[in-house]
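The following note sets out numbered points on the model displayed below. Please read each point alongside the coordinates.

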Amino acid sequence: MKASPILSSGKKFLCKALSFLGIGLLLSACQLPKDTIDAEVCIYGNSSASLLAAIQLKKSGREVVIVSPDKYMGGMTIEGLGGSDINNHAGFKNDHVIGGMTLEFYKEVARHYGIANFDSARTDAKTWRFEPHVAKRIFDQWLEDYDIRVYRESRLRLAFDAVKKENQQLRSFETENGKIFRADLFIDASYEGDLLHYAGVSTIVGREPNSLYQETRNGIRHSNTYRNFEVAVDPYVVPGNPESGLIHTIQDEALGAAGAGDQRIQAYCFRACLTKDTANRVPFIKPENYKREWYEIYLRYLDAGGTLYKPSYSIPNNKTDLGAWHDLSHNLYGMNHEYPEGDYQKRQEIYQYHLDFTRGLFWFLANDPEVPVGVRREWSQWGTTKDEFTDNEGWPRMLYIRDGRRIQSDYVITEHHTRKDSSIFIEDPVAIAFWPPDVHHVRRIVKEGLAYNEGFVFGGENWKPFQIPYRSLVPRKSETTNLLTPTCLSSSHIAYGAIRLEWTFMLLGEAVGIAADLCLENKVAVQNLPYAALKAGLEENGQIIGMR
C-alpha cells in the first residue's frame, strides 16, 4: 500500500494567488488536503516495543508504519536504561524467560562487546548490560535491515476528533504536523497511551483502592519503611515551625486513608549516564536557572547523619546507568502527576523541571561549600559523557516514564497474579513477567512532623514470575476491535509494577506483532483471535510462554 501524495505545489500557489487577488472562494476550495499515509498496520509510539512489533509484522510480509512522537526510536532502552534488571544484583535469575527477537537484541549487544559464546556467558549479569548508543545503533540497523517506515516527530493531535472510528473499528488518526495515518489494525506502543485514550478505550491513571480487586499493596501506604528516610528530616522552611511552609520537594498533602485509591503515579527520573573517566568526562555544569533552595532537604539529610547515594559503574566502558530508588536522590516524588494526561506543553514543562533539578543537584553535590567535603570529593569526580546523548549535552532526551495510562479491559492482571500463595491459570500466555511488584514512592509529605516518602512497594517474599495473558493486551470489544497495546496493558497499579520492564515490553511488542498479523490473516477482531494460532506463532518465534 502506498502513501497518498500531498497536494501539488502548483495548487498551493494558485490558492495563495487567488487569495492575494481578493477573489472570494469557499474555504473548502482552497483548504489543503492533509498528507495521508496508508498501511496494513500502524504502530504509534517510540518505545522498543514499537520496533519489535514492526519487525514481526515485516517478517510476516505486512506493510507497517511506525508513527513516533519523538525523534529517536527505542524508548528507555536507548535513553539510559542499560539492562540492569536482568540477572541483577538482587539475585533474580530471569534471563531464561527472554526469547525471540528480544533475545536476539541481547545477543547483538554481546557480540558488540566481544562475547563470543553467548550461551555460556548468559548467566553473567554483565552479558546483558549495554551503553545507550550501542542500543541505538542496533535498533537503527534493524529499522534499516527490515525497511521499516518511521515517521518521526509526529505527535498525535490530542483531541477526540483526531481519531476516526466506524462503529468499533479505528480507521485513522491525525498528527499535529497534519498527517493522517490509516490502517486496518493499530498498535499503541507508547508509554502514555494517548492513542488508546483518544480512540475511546477505557483507561486509568494512578492507584486503585485495595478493595477494588481485593489487593493488599495498592492504594495509599500508611506504613512505608522501604526506601524511606533513614534519618529524621525537618520539612519546614523554619525548622520546627509548620507556619513557615515546606521546603522544596515536599507536598502539602494529608496522608489519606490506608489502601484508598488516587490518581498519583510513581516517580519519574533520568537514568543518568555518568563517568569518572577523564578522557570521556564532562564536569557537571551549574544550570542557568539554578535554584539553590531546591536542595535544602539534602543539606538537612546530611546534617542529620544521613548517607547520600553516589554513582557507580554498572554498564560497559566505565559508565553508570544511574537510577533513583533511594530515600533521597533525583527521584522526584510527587512532581509528575500531571504528565500522563497532560498536553505536550505540560509534559515538556515536567521534563524540563526534572532536567533542571537533576543537573542542579549533581552540580550542588559536587560543588556547594555546605555539602560535606567527602560527598563533594566523590561527586566532583563524576560528570556526563562526551559520547552519549550528544545532542542534549549528555542528558537523556526522555524521562523514565514508569507510569502512564493503563487500559481497563475485560481481563485485569492484579496483585494476585504476582503472589506465591495464589494460583491463577492463564489459558492464553504470550510472555512471562519475571520481576517483583516494583512501584516507587508517589509523593513526599509530612508525617508526624517529619519528611515522609509514601508509596514504595518492592519485592518481599511472597512474589513469583507469572504468565501475561493475551486478553490483557486487548481493549473491550465494545470499545474497539482493531487496536492492541504491549505497553499500556490491562493491569492494576501494583501488578503493572511487575510488568513495566523494557525487555518485558519488547517481548510483548513481539507478541502483538504476531497477533496483529494473525488477526489480519483470519479477518477477525483482536478479541476473537484463536489462541491456538497465536501460540503456534509465538513458539515459532522462539517466545518463552511456559513456566518452569
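1. A disulfide is taken here as a pair of cysteine sulfur atoms within 2.5 Å. By that criterion, a search of the whole structure finds zero disulfides. Cysteine 42 belongs to no disulfide, and its nearest cysteine sulfur, that of cysteine 488, is 15 Å away. Cysteine 273 is likewise in no disulfide; the nearest cysteine sulfur, that of cysteine 269, is 14 Å away. Relative accessibility is 0% for cysteine 42, which counts as buried, and 1% for cysteine 273, also buried. Buried means under 20% relative accessible area, exposed over 50%, and partly exposed in between, with a 1.4 Å probe and protein chains only.

2. On provenance, this is a predicted model, in which local features need pLDDT of at least 70 and side-chain atom pairs count only at pLDDT 80 or more, while totals for chains, interfaces and linings use all residues. Residues are numbered from 1 along each chain as its sequence is written, and side-chain values use heavy atoms, with hydrogens and water left out.

3. Salt bridges number 42 over the whole structure, each defined as a side-chain nitrogen of Lys or Arg within 4 Å of a carboxyl oxygen of Asp or Glu. Aspartate 140 and lysine 136 form one of them, with their closest N and O atoms 2.7 Å apart. Both residues lie in helix H6 (residues 132-145), four residues apart, or about one turn of the helix. Helices (H or I, at least four residues) and strands (E, at least two) are DSSP runs, numbered from the N terminus. An α-helix has 3.6 residues a turn, so residues three or four places apart point the same way. Both partners are partly exposed, aspartate 140 at a relative accessible area of 27% and lysine 136 at 24%.

4. Aspartate 161 meets arginine 157 at 3.0 Å, N to O; aspartate 161 is partly exposed at 45% relative accessibility, and arginine 157 is partly exposed at 26%. Aspartate 391 pairs with arginine 397, the closest N and O atoms being 3.2 Å apart. Elsewhere, salt bridges with shared partners join Arg207, Glu253, Asp262, Arg264, Arg443 and Glu454 into one network.

5. What surrounds serine 492? This residue is in the loop between strand S20 (483-484) and helix H13 (493-496), and is buried at a relative accessible area of 0%. Not counting residues up to four places away in sequence, serine 492 touches Glu208, Tyr213, Glu215, Asn218, Arg406, Val412, Ile413, Thr414 and Glu415, where contact means heavy atoms within 4.5 Å. The side chains of serine 492 and glutamate 215 are joined by a polar contact of 2.7 Å. A polar contact is a pair of N or O atoms within 3.5 Å; within protein, one must be able to donate a hydrogen and the other to accept it, and residues adjacent in sequence count only if both atoms are side-chain atoms.

6. Serine 472 occupies the loop between strand S19 (466-469) and S20. Its relative accessible area is 0%, hence buried. Apart from neighbours within four places in sequence, serine 472 contacts Ile407, Tyr411, Ile413, Leu489 and Ser490.

7. Helix H14 (residues 502-522) comprises 21 residues and reaches 30 Å from its first C-alpha to its last, close to the 30 Å expected at 1.5 Å a residue; the expected span is 1.5 Å times one less than the number of residues. Of the 21 residues of H14, 19 are buried, so the helix is largely enclosed by the rest of the structure. Lysine 523, which follows H14, has a positive phi near 55°.

8. Strand S4 (residues 163-166) and strand S5 (residues 169-174) run antiparallel and are joined by four bridges; two strands pair if DSSP finds at least two bridges between them. Lysine 164 has serine 172 in S5 as its bridge partner. The two strands form a hairpin with two residues between them, and asparagine 167 in the turn has a positive phi of about 55°.

9. A separate point concerns an open sheet of three strands, ordered S10-S12-S11 with antiparallel pairing. Its edge strands, S10 (274-275) and S11 (281-283), each pair on one side only. S10 and strand S12 (residues 383-385) pair over two bridges in the antiparallel sense, and the bridge partner of leucine 274 in S12 is threonine 384.
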